[in-house]
Amino acid sequence: MERVRDKVVLITGAARGQGRSHAVKLAEEGADIILFDICHDIDTNKYPLATPHDLTEAGLEVEKTGRRAVTAEVDVRDRAALTRELANAVAELGGTLDVVVANAGICPLGADVPISGFADAFDVDFVGVVNTVHVALPYLKSGASIITTGSIAGLVAASQPAGGGPLGPGGAGYSFAKQLVDSYTRQLAAQLAPMSIRANVIHPTNCNTGMLNSDPMYKQFRPDLENPTRDDALLAFPAMQAMPVPYVEPEDISQVVCFLASDESRYITGSQFKVDAGAMLKF
Ligand SMILES: NC(=O)c1ccc[n+]([C@@H]2O[C@H](COP(=O)([O-])OP(=O)(O)OC[C@H]3O[C@@H](n4cnc5c(N)ncnc54)[C@H](O)[C@@H]3O)[C@@H](O)[C@H]2O)c1
């Protein structure tokens with residue numbers, strides 16, 4: 001189909017999960033991919049993040065499609081490193097950048113997480129998105145597309161009072177950051193529209209990745225159990241969605257990413273895409 005033929009795409013958090021799925025899908029559709037990932041853990045986030053091996057594998061999967069991949073270990077909190085690595089990667093791929101997918105994220109859930117968890121979630125999930133977009137802006141031209149990853153958690157939190165609770169400070173930071181990603185993307189879209197550059201946000205519900213399949217998330221969904229397993233959580237996951245599914249797959253998000261990256265969506269900007277199996281219908 002080659003829906004994004006010869007476009008150059010930057011994806012953060014690309015070593016695994018949704019980011020890797022987007023990378024492979026867009027490569028299959030004809031794009032060259034820049035894959036960034038932190039590839040080490042963050043203390044307050046009590047499940048493992050991607051490894052250098054994951055990032056290498058993701059790059060190889062892209063190359064298997066016949067397209068080019070440039071990988072780099074970059075923390076989206078580090079704007080200087082992002083600037084440097086993006087300049088190197090863009091130069092390697094011919095000097096242009098057409099699509100930005102600001103996808104990297106952490107979810108440091110838990111009542112026992114220290115207050116630094118709030119800062120970490122905010123820094124990765126909001127500041128990291130801003131850093132990614134802002135280092136990319138100088139390369140983007142008419143026809144470019146920016147796609148940010150929010151979360152249904154942000155939309156739900158926007159309609160509820162802030163507070164403590166079982167999410168803990170990291171969970172609160174996550175929800176707040178995702179709320180801001182939503183409004184930031186709309187502000188950005190308004191600024192970029194006169195240049196014919198688009199910006200849209202995708203809000204996934206539960207998605208079948210390492211973030212969801214993690215002990216802190218199992219505890220969130222099964223607060224009645226001391227050490228819940230995935231099987232225990234699977235009984236509770238469907239409560240989030242209106243449709244009878246426990247989660248969506250990364251590929252379900254990639255379909256929307258591909259549409260927004262392609263010229264099929266050339267006049268769509270400032271929009272919110274919920275891939276949530278009806279989750280928001282419940283609120
Ligand atoms: N999985 C879900 O249920 C769900 C639901 C809604 C939204 N999301 C969002 O989707 C996005 C992708 O997450 P996922 O579901 O694929 O989870 P994931 O944990 O599998 O992937 C996240 C990736 O981001 C990377 N990352 C984390 N911190 C980083 C940093 N500081 N710099 C660079 N890379 C970093 C990780 O190493 C990992 O590869 C995130 O923004 C997440 O908040 C996920």
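Which residues in helix 4 meet which residues in helix 6? I put this to the model, which is a predicted one.

**Entry 1: helix 4 and helix 6.** I looked up the contact from both sides. From helix 4, the residues are G117, F118, A121, F122, D125, F126, V129, V130, V133 and H134, and they meet P169, G170, A172, G173, Y174, F176, A177, K178, L180, V181, Y184 and L188 in helix 6. By class, I noted 16 nonpolar, 4 polar and 2 charged residues in this contact. I then turned to the axes: helix 4 (residues 116-136) and helix 6 (residues 168-192) pack with axes 6 Å apart, at an angle of about 20°. Helix 4 is therefore roughly parallel to helix 6, angles under 35 degrees being counted as such. I recorded the crossing of this pair as right-handed.

**Entry 2: helix 1 and helix 2.** I found that the axes of helix 1 (residues 17-28) and helix 2 (residues 52-64) cross at roughly 15° and come within 9 Å. Helix 1 is therefore roughly parallel to helix 2. I recorded a right-handed crossing here. R20, A23, V24 and A27 supply the helix 1 side, and they meet D54, E57, A58, E61 and V62 of helix 2.

**Entry 3: the ligand.** I counted 29 residues around the ligand, the closest being R16, D37, N103, Y174 and T209. I next looked up backbone contacts. A backbone N or O atom of Q18 lies 2.8 Å from a ligand oxygen atom. For ligand nitrogen, I noted 3.1 Å to a polar backbone atom of I38 and 2.9 Å to a polar backbone atom of V76.

Key: Residues numbered from 1 in each chain as written. Predicted model: local features only at pLDDT ≥ 70, side-chain atom pairs only at ≥ 80, totals over all residues. Heavy atoms only, no water. Axes fitted to C-alpha atoms, helices over the stretch in contact; angles between N-to-C directions. Helix = DSSP H or I, 4+ residues; strand = E, 2+ residues; numbered from the N terminus. Parallel < 35°, antiparallel > 145°, perpendicular 65-115°, else oblique. Left-handed = near helix turned anticlockwise from the far one by under 90°. Contact = heavy atoms within 4.5 Å. Near = heavy atom within 4 Å. Polar contact = N/O pair within 3.5 Å; in protein donor to acceptor, adjacent residues only side chain to side chain. Nonpolar A, V, L, I, M, F, W, Y, C, P; charged D, E, K, R; others polar.
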